[in-house]
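Good morning, colleagues. Please look at the model on the screen while I go through its helix packing.

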Amino acid sequence: MSLNKIEDMLSDVFVKKAPKMPENGKKALVQYLPWIDLVLGILTLWSALVLWHWAHLANAFVNYANSINQLYGNNLVQANRLTAGVWFGLIVLIVEGVLYLAAFPGLRERKKSGWNLLFYASMVNVVYAIVIFFTDYGGIGTLLGSLIGTAIGLYILFQVRSAYKGHNTAQSE
């Protein structure tokens, strides 16, 4: 299924069937969305850096424990916090952060291309939620939390979509 078909399907859910956001709320959101997006982009990239740092710090503690265990003739602890799940999380955070930052100029100029980048970031988040569900780091709570958060974000995103140039307003109304 193409992203355009997914966008059309989600438009049906979040624009046609969902309650309408008040016009004043939409105007305020469109006005501040570029700056909210910029902050989210910076925080997302910072989160990736923090995750990388904490994973390395956990490995350093495991290495320290192993050196003490070896000193006393005990077994080594086998734990590496830089697992495939952590690497996948880092990649997703970096991709989302870059998409948020790349969306800033388009959102500020109210271009559909900026809106599209936020939509793509939401789709990346859905894929991440599904994939992480099958790792040691995920679970049903993580999956549900991510999907609910993404649904709220998509509702807001689709409610303001018509404010962006290059959008076919007849299609969404």
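Let me begin with helix H4, residues 112-133, and helix H5, residues 140-159, whose axes come within 9 Å and cross at roughly 165°. That angle makes H4 roughly antiparallel to H5; angles under 35 degrees count as roughly parallel, over 145 as roughly antiparallel, 65 to 115 as roughly perpendicular and the rest as oblique. The crossing in which H4 passes H5 is left-handed, a term for a near helix turned anticlockwise from the far one by less than a right angle, clockwise being right-handed. On the H4 side, the residues in contact (heavy atoms within 4.5 Å) include Trp115, Phe119, Met123, Val126, Ile130 and Phe133. On the H5 side, they include Ile140, Leu143, Leu147, Leu154 and Phe158. By class, the contact of H4 with H5 has 15 nonpolar, five polar and no charged residues. In this scheme, Ala, Val, Leu, Ile, Met, Phe, Trp, Tyr, Cys and Pro are nonpolar, Asp, Glu, Lys and Arg are charged, and the others, Gly among them, are polar.

A word on the basis of these values. This is a predicted model, in which local features need pLDDT of at least 70 and side-chain atom pairs count only at pLDDT 80 or more, while totals for chains, interfaces and linings use all residues. Residues are numbered from 1 along each chain as its sequence is written, and side-chain values use heavy atoms, with hydrogens and water left out. Helices (H or I, at least four residues) and strands (E, at least two) are DSSP runs, numbered from the N terminus. Axes are lines fitted to C-alpha atoms, for helices over the stretch in contact, and angles run from 0 to 180 degrees between N-to-C directions.

Now to H4 on its own. At 1.5 Å a residue, its 22 residues should span 32 Å, which agrees with the 32 Å between its end C-alpha atoms; the expected span is 1.5 Å times one less than the number of residues. Which residues of H4 are buried? Among them are Lys112, Gly114, Trp115, Asn116, Phe119, Ser122 and Ile132, where buried means under 20% relative accessible area, exposed over 50%, and partly exposed in between, with a 1.4 Å probe and protein chains only. Their cover includes helix H1 (3-17), H2, helix H3 (84-108) and H5.

H1 packs against H4 at an angle of about 90°, with the axes 12 Å apart, and the two are therefore roughly perpendicular. Leu3, Ile6, Glu7 and Leu10 of H1 meet Lys112, Trp115, Asn116, Phe119, Tyr120 and Met123 of H4. These residues divide into seven nonpolar, one polar and two charged.

H1 also packs against H5 at about 90°, here with axes 9 Å apart. Glu7, Leu10, Ser11, Phe14 and Val15 of H1 make this contact with Ala151, Leu154, Tyr155, Phe158 and Gln159 of H5. The classes here are seven nonpolar, two polar and one charged.

Finally, some single residues. Lysine 26, in helix H2 (residues 23-71), is buried at a relative accessible area of 15%. Leaving aside residues up to four places away in sequence, lysine 26 touches Met21, Gln159 and Val160. Arginine 110 lies in the loop between H3 and H4 and has a positive phi of about 55° although it is not a glycine. Arginine 110 is partly exposed, with a relative accessible area of 34%.
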